[in-house]
Amino acid sequence: MIIGIDIGSTTTKAVSIENERITRKIKTKAVDAVTSATGALGKLLLENDIRIAEIERIMTTGVGATQIKGDLFDIQTRKVDEMTAIGIGGMYLAGKDNIVIMNIGTGSAIIEAKKDKISHIGGSGVGGGAILGLAKKMLSTSNFNDIMALAERGDIKQVDLLLEDIMDANLGFLNKEATASNFGKMLDSAKNEDVALGILNMVYQVIGMLSVFAAQSRGLNSVVVTGNGSANPIGKRILKAITDIYKISFEYPEDAVYTTAIGAGLG
Ligand SMILES: Nc1ncnc2c1ncn2[C@@H]1O[C@H](COP(=O)(O)OP(=O)(O)OP(=O)(O)O)[C@@H](O)[C@H]1O
Ligand SMILES: [Mg+2]
(Lines give C-alpha, C1' and ligand atoms only; values in the text may rest on other atoms or scores of the structure.)
(Ligands and ions follow the chains in the order given, each with its own letter.)
Protein backbone atom coordinates (compact mmCIF):
# COMPACT_ATOMS: atom_id res chain seq x y z
CA MET A 1 0.00 0.00 0.00
CA ILE A 2 1.16 3.51 -0.88
CA ILE A 3 0.02 6.56 1.07
CA GLY A 4 -0.25 9.94 -0.69
CA ILE A 5 -0.32 12.99 1.57
CA ASP A 6 -1.08 16.50 0.25
CA ILE A 7 -0.14 19.14 2.81
CA GLY A 8 -2.10 22.12 1.44
CA SER A 9 -2.23 25.64 2.83
CA THR A 10 -5.74 25.15 4.23
CA THR A 11 -6.41 21.41 4.35
CA THR A 12 -4.31 18.24 4.37
CA LYS A 13 -5.59 15.22 2.48
CA ALA A 14 -4.35 11.64 2.67
CA VAL A 15 -5.25 8.65 0.51
CA SER A 16 -4.23 5.01 0.41
CA ILE A 17 -3.54 3.37 -2.93
CA GLU A 18 -3.46 -0.37 -3.57
CA ASN A 19 -2.90 -1.80 -7.06
CA GLU A 20 -3.33 1.71 -8.51
CA ARG A 21 -6.78 2.01 -6.93
CA ILE A 22 -7.80 4.52 -4.30
CA THR A 23 -8.96 2.53 -1.29
CA ARG A 24 -9.29 5.14 1.51
CA LYS A 25 -9.24 8.92 1.83
CA ILE A 26 -9.41 11.49 4.60
CA LYS A 27 -9.28 15.27 4.90
CA THR A 28 -8.17 17.35 7.87
CA LYS A 29 -7.53 21.01 8.63
CA ALA A 30 -3.93 22.07 8.04
CA VAL A 31 -1.79 23.10 10.99
CA ASP A 32 2.01 23.07 10.82
CA ALA A 33 3.38 20.72 8.16
CA VAL A 34 4.67 17.97 10.46
CA THR A 35 1.50 17.88 12.58
CA SER A 36 -0.64 17.94 9.41
CA ALA A 37 1.23 15.08 7.77
CA THR A 38 1.50 12.83 10.82
CA GLY A 39 -2.05 13.69 11.92
CA ALA A 40 -3.51 12.91 8.50
CA LEU A 41 -1.55 9.66 8.35
CA GLY A 42 -2.71 8.70 11.86
CA LYS A 43 -6.33 9.50 11.01
CA LEU A 44 -6.18 7.46 7.80
CA LEU A 45 -4.67 4.46 9.62
CA LEU A 46 -6.85 4.50 12.73
CA GLU A 47 -10.17 5.18 11.00
CA ASN A 48 -9.58 2.37 8.53
CA ASP A 49 -7.82 -0.26 10.62
CA ILE A 50 -4.67 -0.10 8.51
CA ARG A 51 -1.46 -1.44 10.11
CA ILE A 52 1.80 0.47 9.65
CA ALA A 53 3.44 -2.72 8.34
CA GLU A 54 1.08 -2.66 5.34
CA ILE A 55 2.57 0.64 4.10
CA GLU A 56 5.21 0.30 1.43
CA ARG A 57 5.97 4.01 1.11
CA ILE A 58 4.62 7.50 1.77
CA MET A 59 4.57 10.16 -0.94
CA THR A 60 4.15 13.77 0.20
CA THR A 61 3.32 16.89 -1.77
CA GLY A 62 1.74 20.33 -1.28
CA VAL A 63 3.16 23.53 0.19
CA GLY A 64 4.14 21.81 3.45
CA ALA A 65 6.00 18.85 1.93
CA THR A 66 9.43 20.49 1.97
CA GLN A 67 9.22 20.68 5.75
CA ILE A 68 8.97 16.90 6.07
CA LYS A 69 12.59 15.86 6.47
CA GLY A 70 13.51 12.20 6.19
CA ASP A 71 11.20 9.24 6.69
CA LEU A 72 7.97 9.35 8.69
CA PHE A 73 7.91 6.60 11.34
CA ASP A 74 10.70 4.72 9.55
CA ILE A 75 8.54 4.27 6.44
CA GLN A 76 10.22 5.26 3.17
CA THR A 77 8.97 8.83 2.50
CA ARG A 78 9.43 10.77 -0.76
CA LYS A 79 8.33 14.13 -2.12
CA VAL A 80 6.48 14.80 -5.36
CA ASP A 81 6.35 18.24 -7.01
CA GLU A 82 2.84 19.65 -6.41
CA MET A 83 2.07 20.59 -10.04
CA THR A 84 3.23 17.13 -11.15
CA ALA A 85 0.97 15.56 -8.52
CA ILE A 86 -2.05 17.59 -9.72
CA GLY A 87 -1.27 16.56 -13.31
CA ILE A 88 -0.92 12.85 -12.52
CA GLY A 89 -3.97 12.84 -10.24
CA GLY A 90 -6.04 14.81 -12.75
CA MET A 91 -5.25 12.44 -15.63
CA TYR A 92 -5.97 9.40 -13.43
CA LEU A 93 -9.35 10.73 -12.23
CA ALA A 94 -10.43 12.10 -15.62
CA GLY A 95 -9.30 8.93 -17.40
CA LYS A 96 -7.64 11.05 -20.11
CA ASP A 97 -4.07 12.04 -20.91
CA ASN A 98 -4.29 15.39 -22.67
CA ILE A 99 -6.11 17.79 -20.37
CA VAL A 100 -6.06 21.22 -18.80
CA ILE A 101 -6.71 21.18 -15.04
CA MET A 102 -7.98 24.07 -12.94
CA ASN A 103 -7.09 23.27 -9.33
CA ILE A 104 -9.18 25.44 -7.00
CA GLY A 105 -7.49 25.41 -3.61
CA THR A 106 -6.58 28.31 -1.38
CA GLY A 107 -5.27 29.87 -4.58
CA SER A 108 -5.82 28.49 -8.06
CA ALA A 109 -3.36 26.71 -10.34
CA ILE A 110 -3.70 25.74 -14.00
CA ILE A 111 -1.85 22.68 -15.24
CA GLU A 112 -1.53 21.11 -18.66
CA ALA A 113 -1.21 17.36 -18.29
CA LYS A 114 -0.09 15.07 -21.08
CA LYS A 115 1.18 11.50 -20.86
CA ASP A 116 4.80 12.53 -21.35
CA LYS A 117 4.80 16.07 -19.93
CA ILE A 118 3.09 18.02 -17.16
CA SER A 119 3.41 21.82 -17.25
CA HIS A 120 2.33 24.55 -14.88
CA ILE A 121 0.59 27.02 -17.21
CA GLY A 122 -0.11 29.61 -14.53
CA GLY A 123 -2.76 30.45 -12.01
CA SER A 124 -3.98 33.18 -9.74
CA GLY A 125 -4.25 34.13 -6.10
CA VAL A 126 -8.01 34.23 -6.54
CA GLY A 127 -9.34 31.02 -5.04
CA GLY A 128 -10.88 29.59 -1.89
CA GLY A 129 -8.71 31.73 0.39
CA ALA A 130 -10.16 34.91 -1.11
CA ILE A 131 -13.68 33.65 -0.33
CA LEU A 132 -12.82 33.05 3.31
CA GLY A 133 -10.74 36.23 3.71
CA LEU A 134 -13.24 38.59 2.11
CA ALA A 135 -16.12 36.98 4.01
CA LYS A 136 -14.29 37.45 7.29
CA LYS A 137 -14.23 41.24 6.89
CA MET A 138 -17.39 41.76 4.87
CA LEU A 139 -19.70 39.22 6.53
CA SER A 140 -18.00 38.72 9.90
CA THR A 141 -17.73 34.99 9.30
CA SER A 142 -15.16 32.78 7.67
CA ASN A 143 -17.16 29.62 8.31
CA PHE A 144 -17.50 27.99 4.91
CA ASN A 145 -20.97 26.53 5.50
CA ASP A 146 -22.31 29.86 6.79
CA ILE A 147 -20.97 31.66 3.71
CA MET A 148 -22.63 29.10 1.44
CA ALA A 149 -25.95 29.31 3.30
CA LEU A 150 -25.92 33.10 2.97
CA ALA A 151 -24.99 33.02 -0.72
CA GLU A 152 -27.83 30.57 -1.50
CA ARG A 153 -30.27 33.35 -0.60
CA GLY A 154 -28.31 36.14 -2.30
CA ASP A 155 -29.43 38.41 -5.13
CA ILE A 156 -26.52 39.28 -7.43
CA LYS A 157 -28.34 42.34 -8.80
CA GLN A 158 -27.79 44.06 -5.47
CA VAL A 159 -23.99 44.02 -5.74
CA ASP A 160 -22.84 43.43 -9.32
CA LEU A 161 -23.27 45.88 -12.15
CA LEU A 162 -24.87 43.91 -14.98
CA LEU A 163 -24.83 44.77 -18.65
CA GLU A 164 -28.58 45.50 -18.45
CA ASP A 165 -27.83 48.24 -15.90
CA ILE A 166 -25.76 50.18 -18.39
CA MET A 167 -27.06 49.34 -21.85
CA ASP A 168 -30.29 48.43 -23.62
CA ALA A 169 -29.18 45.69 -25.98
CA ASN A 170 -27.00 42.59 -25.63
CA LEU A 171 -23.26 43.17 -26.06
CA GLY A 172 -22.07 40.88 -28.83
CA PHE A 173 -22.18 37.31 -27.51
CA LEU A 174 -22.92 38.47 -23.93
CA ASN A 175 -26.53 38.66 -22.85
CA LYS A 176 -27.88 41.46 -20.72
CA GLU A 177 -27.56 39.51 -17.47
CA ALA A 178 -23.78 39.14 -17.82
CA THR A 179 -21.63 40.85 -15.20
CA ALA A 180 -20.18 44.16 -16.32
CA SER A 181 -18.46 44.86 -12.99
CA ASN A 182 -18.17 42.63 -9.92
CA PHE A 183 -19.20 44.70 -6.88
CA GLY A 184 -19.60 47.63 -9.29
CA LYS A 185 -23.17 48.36 -8.18
CA MET A 186 -23.22 47.68 -4.41
CA LEU A 187 -26.63 49.13 -3.57
CA ASP A 188 -27.21 50.48 -0.08
CA SER A 189 -29.93 47.84 0.22
CA ALA A 190 -27.42 44.98 -0.34
CA LYS A 191 -27.64 42.42 2.47
CA ASN A 192 -25.01 39.96 3.70
CA GLU A 193 -26.67 37.29 1.57
CA ASP A 194 -26.10 39.37 -1.57
CA VAL A 195 -22.49 40.18 -0.65
CA ALA A 196 -21.77 36.48 -0.01
CA LEU A 197 -23.03 35.63 -3.49
CA GLY A 198 -21.04 38.56 -4.92
CA ILE A 199 -17.83 37.16 -3.41
CA LEU A 200 -18.44 33.69 -4.88
CA ASN A 201 -19.45 35.19 -8.21
CA MET A 202 -16.25 37.22 -8.49
CA VAL A 203 -13.97 34.35 -7.50
CA TYR A 204 -15.59 31.75 -9.77
CA GLN A 205 -15.98 34.11 -12.74
CA VAL A 206 -12.24 34.88 -12.61
CA ILE A 207 -11.44 31.19 -12.29
CA GLY A 208 -13.84 30.38 -15.11
CA MET A 209 -12.38 32.91 -17.52
CA LEU A 210 -8.80 31.84 -16.76
CA SER A 211 -9.92 28.26 -17.44
CA VAL A 212 -11.47 29.25 -20.76
CA PHE A 213 -8.32 31.05 -21.91
CA ALA A 214 -6.10 28.16 -20.81
CA ALA A 215 -8.24 25.59 -22.65
CA GLN A 216 -8.41 27.75 -25.79
CA SER A 217 -4.63 28.22 -25.73
CA ARG A 218 -4.23 24.44 -25.87
CA GLY A 219 -6.98 23.82 -28.42
CA LEU A 220 -9.18 21.96 -25.92
CA ASN A 221 -12.89 22.37 -25.25
CA SER A 222 -13.02 21.18 -21.64
CA VAL A 223 -11.29 21.81 -18.33
CA VAL A 224 -10.97 19.31 -15.47
CA VAL A 225 -11.73 21.03 -12.15
CA THR A 226 -10.03 19.78 -8.98
CA GLY A 227 -9.31 20.85 -5.37
CA ASN A 228 -11.76 21.61 -2.58
CA GLY A 229 -13.19 24.41 -4.70
CA SER A 230 -14.45 21.84 -7.21
CA ALA A 231 -16.99 20.74 -4.59
CA ASN A 232 -18.69 24.13 -4.34
CA PRO A 233 -22.27 23.87 -5.71
CA ILE A 234 -22.70 27.63 -6.23
CA GLY A 235 -19.24 27.84 -7.83
CA LYS A 236 -20.26 25.05 -10.22
CA ARG A 237 -23.38 26.98 -11.20
CA ILE A 238 -21.29 30.07 -11.96
CA LEU A 239 -18.89 27.99 -14.07
CA LYS A 240 -21.87 26.45 -15.88
CA ALA A 241 -22.98 29.92 -17.02
CA ILE A 242 -19.51 30.42 -18.51
CA THR A 243 -19.79 27.05 -20.27
CA ASP A 244 -22.92 28.26 -22.02
CA ILE A 245 -21.22 31.43 -23.27
CA TYR A 246 -17.78 30.15 -24.26
CA LYS A 247 -18.54 26.52 -25.22
CA ILE A 248 -15.84 25.24 -22.88
CA SER A 249 -17.15 22.57 -20.50
CA PHE A 250 -16.05 21.86 -16.94
CA GLU A 251 -15.56 18.29 -15.74
CA TYR A 252 -15.75 17.29 -12.08
CA PRO A 253 -14.30 13.81 -11.61
CA GLU A 254 -15.28 11.86 -8.51
CA ASP A 255 -12.77 12.43 -5.68
CA ALA A 256 -11.49 15.62 -7.36
CA VAL A 257 -10.97 17.12 -3.89
CA TYR A 258 -8.21 14.49 -3.38
CA THR A 259 -6.53 14.91 -6.78
CA THR A 260 -3.19 16.22 -5.47
CA ALA A 261 -2.86 13.50 -2.81
CA ILE A 262 -3.82 10.81 -5.36
CA GLY A 263 -1.28 12.14 -7.86
CA ALA A 264 1.43 12.13 -5.19
CA GLY A 265 0.65 8.51 -4.33
CA LEU A 266 0.77 7.50 -7.98
CA GLY A 267 3.83 9.68 -8.69
N1 LIG B 1 -16.61 21.84 2.63
C2 LIG B 1 -16.04 22.52 1.64
N3 LIG B 1 -16.41 22.31 0.36
C4 LIG B 1 -15.84 23.01 -0.66
N5 LIG B 1 -14.88 23.93 -0.49
C6 LIG B 1 -14.48 24.16 0.77
C7 LIG B 1 -15.02 23.47 1.89
N8 LIG B 1 -14.41 23.91 2.99
C9 LIG B 1 -13.54 24.84 2.58
N10 LIG B 1 -13.59 25.01 1.26
C11 LIG B 1 -12.82 25.93 0.42
O12 LIG B 1 -11.68 25.22 -0.01
C13 LIG B 1 -10.53 26.06 0.08
C14 LIG B 1 -9.29 25.21 0.31
O15 LIG B 1 -9.16 24.31 -0.77
P16 LIG B 1 -8.09 23.12 -0.75
O17 LIG B 1 -8.24 22.32 0.47
O18 LIG B 1 -8.16 22.42 -2.05
O19 LIG B 1 -6.76 23.99 -0.66
P20 LIG B 1 -5.31 23.60 -0.20
O21 LIG B 1 -4.89 22.36 -0.91
O22 LIG B 1 -5.23 23.58 1.28
O23 LIG B 1 -4.54 24.88 -0.74
P24 LIG B 1 -3.45 25.04 -1.90
O25 LIG B 1 -3.53 23.85 -2.80
O26 LIG B 1 -3.84 26.33 -2.60
O27 LIG B 1 -2.17 25.12 -1.15
C28 LIG B 1 -10.84 26.99 1.23
O29 LIG B 1 -10.16 28.20 1.06
C30 LIG B 1 -12.36 27.17 1.15
O31 LIG B 1 -12.71 28.30 0.38
MG1 LIG C 1 -4.13 21.95 -2.80
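Author: Leu134 has its place in helix H3; helices are DSSP runs of H or I with at least four residues, and strands are E runs of at least two, numbered from the N terminus. This is a predicted model, in which local features need pLDDT of at least 70 and side-chain atom pairs count only at pLDDT 80 or more, whereas totals for chains, interfaces and linings use all residues. Residues are numbered from 1 along each chain as its sequence is written, and side-chain values use heavy atoms, with hydrogens and water left out.

Reader: Why does Leu134 count as partly exposed?

Author: Buried means under 20% relative accessible area, exposed over 50%, and partly exposed in between (1.4 Å probe, protein chains only). Leu134 has 30% relative accessibility, and therefore counts as partly exposed.

Reader: Why does Thr243 count as buried?

Author: The relative accessibility of Thr243 is 16%, so Thr243 counts as buried. Thr243 lies in helix H7, residues 233-246.

Reader: With which residues is Thr243 in contact, leaving aside neighbours within four places in sequence?

Author: They are Ile248, Ser249 and Phe250; contact means heavy atoms within 4.5 Å.

Reader: What makes a nonpolar core?

Author: A nonpolar core is a set of buried Ala, Val, Leu, Ile, Met, Phe, Trp, Tyr and Cys residues joined through side-chain atoms within 4.5 Å. The largest one here has 34 residues, and Ile131 and Leu139 are among those that touch the most other members. Helix H6 gives the most to this core, with 11 residues.

Technical notes
Chains are lettered from A and ligands numbered from 1 in the order in which they are written.
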